[in-house]
Each structure stands twice: as C-alpha cells, then as structure tokens.
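Visitor: I would like to learn how to read a structure like this one. Could you walk me through a few of its features?

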Amino acid sequence: MPSFLEKIVGPRIPAEERSRHRLRYLIPALPLLIAIVLIAISLFIPYWNLRLNAPQYPDGLTITSYINHLTGDVNEIDGLNHYIGMRPLDEAAQFEKSIAIAAMIGMMICLAVAIFIRSRWAILLALPTIAFPFVFLADLYYWMNKFGQNLDPTAPLSGAIKPFTPPILGRGLVGQFETIAWAGEGLILAFVASFLLMFWVLLRHWAYKPLRQLAKANRQATAAVSHA
Amino acid sequence: MPRHSAEVPPFLLKENQMRKLPWIGMFMAATAMPMLMTGCGPGDSASNAPKKTTNSGAGIASLEGVMEARGLTPDDMLAAAKTYVPSGQHDEAMIFASGGHSGQVFVIGVPSMRMLRSIGVFTPEPWQGWGYGSGDDIIKAGNAPGQELTWGDSHHPALSETNGSYDGEWLFINDKANARIATIDLRDFETKQILKNPVSMSDHGGAFVTPDTEYVIEGGQYATPLGWKYAPMEEYKTEYRGMVTFWKFDREAGRLDESKSFAIELPPYWQDLMDAGKNDSKGWLFGNSINTEMATGMLNEGDPPFEAGVSQRDMDYLHVMHMDKIIEIYKAGKFEKVNDFPVISLQTLIDEGVLYFIGEPKSPHGVDITPNGQYIVISGKLDPHVTIYGFDQIQKAIADKNFSSTDPFGVPVLDFDACKVAQVEVGLGPLHTQFDDKGYAYTSLFLEPAVARWSLGGEYGKLNPEEDWSLVGKTSVHYNIGHLLTYEGDTVSPKGKYLVAMNKWAIDRFAPTGPLLPQNFQLLDIAETGENMPLLYDMPIGVGEPHYAQMISIDKLKPWKVYPEIGWNPHTNQVDPEATQIGEERIERKGNEVHVYMTVIRSHFTPEHIDVNEGDTVVWHLTSVERAYDSTHGLAIPAYNMNLSIEPGEYTEIRFVADKPGTFPFYCSEFCSALHLEMMGYLRVKPAGVASAE
C-alpha cells in the first residue's frame, strides 16, 4: 500500500529509472520555475492602463494599475469623475488590493511546492496561477461596472452622463473623453505564466507516464498477490 | 514745406570739425521730423506711406488670390511666412520686455511677436492678484519710507547669466521712477522680491548683471543730495552726488542680499547706463554719464534749461570702474553709511585707483561691450559716430598713467586717443548697440530713425566680408527707435537671426486709437550678411512704454507646468506648513483671528460658508489641490477689494480685518470649468451686537 505521503506527492521514482531518464523528470520543473519568475516580476510592473483623451488634455490622462495600487493622473480623473458622481478610484477593489501581494506570494509558493509533487494534486497547486489573469480581468470588469453603473444621482452632470461601463480592454467613449484601455506588461506576464502552466499540465502528463505505468503494474501485482 | 533738417547734416563733417556744430539745432530739427512726415503729401514720403491693406482675404482659397485682394507683395508674403507660427507650435525665443509705466514685465514670443503674458512686478496687477491679496508684502517691501508706491517705470530687464550667457533662471528689473529693483523667478514667472534702493532716488541704468550674476548693478540717474536730504541747487557740486549700487545676488536663496550689497559715490554727472565687463574685461564695469557740465537748469535768469545746459560739452565721461577691486574695498570695510547702507566715498575710489574717466562724445546713451569683452562701444546720441574703446588700450593707459587731466573731483581722465580704437559714422542719434554672431554690431539711430549694421574689427573682422569698423547698411524703422535688442545680443554668445527695434512712436503704423498710440516693436531678420535686414513684423504694445528687453532661446527656460507639490508657497519655495490637503479643510478661531483652511478644485471651494464677527481678522489659507496644467482658479472677494490667482498646486494666504458687516458672495474669478459660475461661497460678517458666529 502506498503511504499517505506517497498518495499526495506521487510515486517515488526508482533510482535506476531516474538515472536513466534524468532529463525527463527534471523538465516539468522548468515551466513552474519560469512561471514563478514571471509572477515575481509582475509584482513590480503595471497590470493595466487606462488612457483618457480629450481636447483639453493634449497629453491625455493615464491611470496605471499595479497589482495593489494605482498611479498616474488618479486625482485628476477623480476630480473629473466627481462631476458625474463616480466614487474615487482608490475606493475600488480595496480588499483585492490589500491581499494581492500575499496572494501572489502564496501562488508562487504553491508553484514551488508543485515542483516536488508528481501526483495530480500538483495541478491543483497550479490552478490559482492558471486562473489568475482571468480572475484579474473579471474583477476589473466587476469594479468598472460597479463604479460606472452606480453614479451619484445628485452629481452636477448626472443628467448629462448616463451610467456606463467602459471597456476593460479597447476603446470607449464617455462624454468628450475617449477611453483606451490596454493590458500592462505585468498582466501579459501573468497570461504567459498561465499558458505556460496549461502546457505544463500536458508536459507532466507525458513525463510521468512511466511512473504511472509502474504504479499501475505495482497495483496489479499487489492485487494478484492478495488474490492469491 | 521747408525741410528743417536740411541744415548741414553733422555726419557730413569730419571728426575734428564736430565740436563746432550746432548740436542743439540738429536735435530739435530731427525731433520735428515726424511732424514733417505727417505734414507732407503722400508723394513726399512715399517710402513711409502706410499701406492700406484693408481689403479682406477672407473666403479666398488661393495664395495668389489673397495677395491680389490684399495688395500684398512677395516680400510681404515672405515676411508673413517667416513670422507665422501655426496653432499649437511654439516660438523659438522669448522676449522679456520691461512694461514701462505698467510696472510689469511683458513676455513676447519670437518670431510670432505674440504677447504671451505679463508679469506683475512694481504695480498692482489684478489678473495675477498681484497686490490684491497676492504679493502685497513684496510690493510693500519696495515702498519708499512713508510713501506707498502704486506705479513704477520698469526699465531694464536683465536675465541671469552663467559664464556670460543667459541661463534662463532669474530675471531682474529696475523701476526707474523710484529706484526699485525686482527679482523674478523664471520657474513660475513670479516676482519674488522688490527692494527700494536705500541711497538712489531714481535709477535709469539698471539692472545689469555680472557674467555669473554675483552682482546686479543698478546705476542711478539724476544726482541728488546724499541721504535723500534737502540741499539748495547752488550747492549742486558739493552736495549732489551720483550713485551706483551693487546688489549681491544669492542664487541659492534666489534673492538679492541687501546685507552684502553696497553703493559707490560718484560725481553728480547723471550716470546712465552700465555694462559689466565680460571675458577679457571681466571684473570691470563701464558706465556713461550725460551731465559732466553739472548744469543746474534755469536756476538763474539767462541760464539755459537742462536740455541745453546738459549738452554743452562735446565730451562727457565714460566711467571705467575696477569692480573686483571695488568689491574688495567694500569687503575691507572702507565705506561710510548713508541711510544705513554702505557707500564707498568718491575719495576712496580715487585713492584706491579704481575709478577712471575717458572722454566720450557726446551726451552718450549706450555703453555696450562686445561679446569677447574687448571693445566698449559708446553711442554719443548727439554725435553721428559710435566710438569704440579697447579694453587692452584702457589697461595700458592706466598702467602708463596716461592721463590727459583730472576732473574737478580729482578723478584721473585717461587720454581719449590712447583708449580709442575706432569711430564709425553710423548716422543721426545713435543710442544703443548690440551684437550678432557674424561680427556685426547694430546701433539704434533715434533721429533717422533706423537700425545701422556695422562691422567690428579685431577677431571679428574675419567673420564677415566687410571692411573692419565700417557701416554696412541701414533699415528704416517706424518710428523713433530707443533701445534695440538682438537674439541674446548682450551676452558672450549672441545668436544673430533676429533684431527687435523698440520704437517709441507708431504714428501711422496701426489703425488709429485716438491721440495716445501704442509703442511699436519691429522685428527684423538679420540672418544674412551685407546690407539686407528686412523688416518682418510690427507689434503694437498698448499697455505701457517698454524701455528695454532681452531675447532668450526657449530651450534655456525650464518653467514649471504646475507647482511641484500641492501646497507650494511660491514665496518660500516650499510646501507651506499651513497648506491644506483634501479632507483637512476647516475653520479655526484663535482669539479674534479666524483661520480658514480652504482647498480649491474644479468647481468648488471647501468650505463654502464662512461666518465671522465684525472686527475679526480673517486669515484665509488657500490651497489649490489641482494638478492639471492650466487649471487656474481665482478667488474674488470684491467687498474687501481682493482677488487672487491660484495656480495648480499653489498655496496662498490673505489676511484682512472683517470691518464691513454684511453677506458677501465670494467666487472663482478665473474661468475654470463648466461649473465655474457655481464655484462660489458666502462670507457672512455678523454685525457687532448680534449673537456671535462660532
């Protein structure tokens, strides 16, 4: 019977098999390591950009969203938004921003642990990172929608600007402002990590095939012995 | 009509005959020339006849069609194309012009000659709130003792220099009327300091900077008794004195440091313009004078008026001052105190051998030093020549003690011929000279009126094809030019390209505006060598009489777009401890002082309601929390005669006694947004006797 630990971690690689196909068992670690590095880098670079263009702002107004804070012309945009009754941007996603760094460090730890796990549980450990960029965009949409649809009806321009949801990627139009949103380098890295991990799922499936066969053979042998 | 100026033109006579000329007649005759021009029929003054391009080119699509409809020549089109700056593009240079009686400084773009803005300096200026709540203390600091000054005559702007070239950091300007001097910060184009000269009553010759702006020099004008005392005119020679003041500039602090400044006492010769030596002549100072006659006007029956008395002698005195040594004398404490300000006496200057005179023809105006510092150019306004003195020659004459005489006060007078390098006959009424990058000098000719281009000699000779020290060409200007300026033309690195004639009279150049007419700035293209210096553009200045101006490349200027941080106090150049951030707005009562901590942003003041009691002192702290370029607000409190300009990020503070009970709306006075009219609030001053405001 495999031990509990073996059930979680996956079957041991016999020493003979490991030395014969060394590379085969090292390769699955590579996408994980790369994904960790990409996520780590993305902590420091922008995830999302929003630019507002209007005649009065020849240089445009830009917001840059990092994983846990906003920079750029936030005050100016908040100042403009007060005319239409939108809440200050910093009030959005406060919970998400407060846990973002810790959550991403957790994701990286999970990936690091997954390197040593040859069972299917490893996929569970990678799942948060695979889902992460999609969750980010979904959350962004949620807040943009929430802020854009819930305008203060007593605001000066509430009659002129109807509730709206600007596109989270691509172009939109609000009043005299053209909005252009595009993914930041951080989000792109997160997507690369996500796709890399999807590929890793296939890769590890191939790499650990001999182990699974070995385990199967062992199980059959054990069953045969117990029947006998 | 007879031509008054048909007497023998003085410039036709040889140099040695000049002294016998009826100068005064010539001066008067030429002053009458504008009358002649307007009095003559069109045929007599065809070259000056205004072109009536009143036809419109509107609606015509082709260039040729517009030219024909408006009667424009190809030269007109060329001039238009050289000066037109399309919307959204910037000029390549800026002029900082004195605003004359407006007491301001005007900023003008070149080549478009568009007025970009004014800068409030000596005179209250409502748009900038200057003197209406903002800068009041700075203006007050320049008041004469016991006298509130509400106008000034801003005269000679001087951009700060590093190694003799403009550095685009600071601008100094004097008020001729009251001998005040101001320091303007070119990061925010705001006046930061005004000082009243403690010893001079008036100052024509200021401001001039030394090549690294260690000192700003302010020459006096009319001699007055020392210490602003009373003295009868009969005691002119003994009691009246000229003054030149040396203001130490503390670049770190961005202020003139009065505690390290001093003046020198000079004979009552009406010292006029100055120029600090540069390159070869660094450490020396040159100035001219116009009343070496020490004329006292029509004091007694039969005395000539000042205009004649002051113009009797053929030679006045070029003042040669060894500035470095004068500064040492000051530092050694060899001075007296006049009005509690250090003044080095004339006798000390003579004893220490730091003051020399050289004859200069005649009643000169400009003294201008070539970029290499080697030549000093004097324009004798009643003499058709410019006279060029060599710095090396002057040094040799001093070393050899080659003195032709001493003046009545004992100042050694250097031999004229030993110091003179050349004289160039440029024309009538030469006033001011500037330089370009091709070895030319340009002199304004008030009487002709024209701009003369002439060639320099020495190392400059090879830069142009003309013979050294010769007149090259002239362009007529309209009319009665005073100063001229070329592009960075009074620095060690003039750029050439453009010249602006600062004309005092406009006469027929613009559509008539009643008897008072604007001044006329004319832009000339001086980029070619030779005679050709085409006129490009006429710019009317209808808000004061600019006296002098300087032109600087905009590449050298580093103005702020908005103040560096929210709550920036422009006068302390840091975030003010009383600045208010969003959320911190409040009203605090401290005894009978009510402190209002207000933020300003489109389109509201916070707080909007202010209740005080009659007799309270209101201290109103305003912080613009704006960060957008050009989002300026105003604060008008008309009931208390106040108005402010609050620029993005700026902190400003006003203080007044609420001595007028009532309900007073205050509002934003700078159109800021779609809801600008709604940007207002109420100040309520509860009359004494009614239950108090909290």
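Visitor: At what angle do the axes of helix 4 and helix 8 of chain A cross?

Guide: A word first: this is a predicted model. In general, two packed helices are described by the angle between their axes and the distance between the axes. Here, helix 4 (residues 29-42) of chain A and helix 8 (residues 185-207) of chain A cross at roughly 165 degrees, and their axes come within 9 Å. Angles over 145 degrees count as roughly antiparallel, and helix 4 and helix 8 of chain A are therefore roughly antiparallel to each other. Their crossing is left-handed.

Visitor: Which residues of helix 4 and helix 8 of chain A make the contact?

Guide: Helix 4 of chain A contributes residues including A:Leu32, A:Ala35, A:Leu38 and A:Ile39, while helix 8 of chain A brings, among them, A:Leu189, A:Val192, A:Leu196 and A:Trp200. By class, the residues of this contact divide into 16 nonpolar, two polar and no charged.

Visitor: Now to chain B. How many helices and strands are there in chain B?

Guide: Chain B has 11 helices and 45 strands. Its C-alpha trace spans about 90 × 75 × 50 Å along the principal axes. A compact globule with 694 residues would have a radius of gyration near 26 Å, and the 28 Å of chain B agrees with that.

Visitor: What is the strand order in the open sheet of six strands in chain B?

Guide: As a rule, strands of a sheet pair through backbone hydrogen bonds, either parallel or antiparallel. This sheet of chain B runs 13-14-15-18-23-22, with mixed pairing. Strand 13 (271-276) and strand 22 (403-406) of chain B are its edges, each pairing on one side only. From one strand to the next, the twist averages 30 degrees. Strand 22 of chain B pairs with strand 23 (residues 412-414) of chain B in the antiparallel sense over three bridges, and B:Ser405 has B:Val413 as its bridge partner.

Visitor: Which strands form the edges of the open sheet of four strands in chain B?

Guide: That sheet has the order 19-20-21-24 in chain B, with antiparallel pairing, and its edges are strand 19 (364-369) and strand 24 (420-425) of chain B. Neighbouring strands are turned by 20 degrees against each other on average, direction ignored. Strand 19 and strand 20 (residues 375-380) of chain B share four bridges, with B:Val367 opposite B:Ile378. Helix 10 (residues 391-399) of chain B packs on this sheet, touching strands 20, 21 and 24 of chain B.

Visitor: And how many residues does each chain give to the contact between chain A and chain B?

Guide: Chain A gives four residues and chain B five. On the chain A side, the residues divide into one nonpolar, two polar and one charged.

Terms used: Residues are numbered from 1 along each chain as its sequence is written. Chains are lettered from A and ligands numbered from 1 in the order in which they are written. This is a predicted model: local features need pLDDT of at least 70, side-chain atom pairs count only at pLDDT 80 or more; totals for chains, interfaces and linings use all residues. Two strands pair if DSSP finds at least two bridges between them. Helices (H or I, at least four residues) and strands (E, at least two) are DSSP runs, numbered from the N terminus. Axes are lines fitted to C-alpha atoms, for helices over the stretch in contact, and angles run from 0 to 180 degrees between N-to-C directions. Two residues are in contact if their C-beta atoms, placed from the backbone, lie within 7 Å. Ala, Val, Leu, Ile, Met, Phe, Trp, Tyr, Cys and Pro count as nonpolar, Asp, Glu, Lys and Arg as charged, and the others, Gly among them, as polar. Angles under 35 degrees count as roughly parallel, over 145 as roughly antiparallel, 65 to 115 as roughly perpendicular and the rest as oblique. A crossing is left-handed if the near helix is turned anticlockwise from the far one by less than a right angle, and right-handed if clockwise. The radius of gyration is taken over C-alpha atoms; the globule rule is 2.2 Å times the number of residues to the power 0.38.
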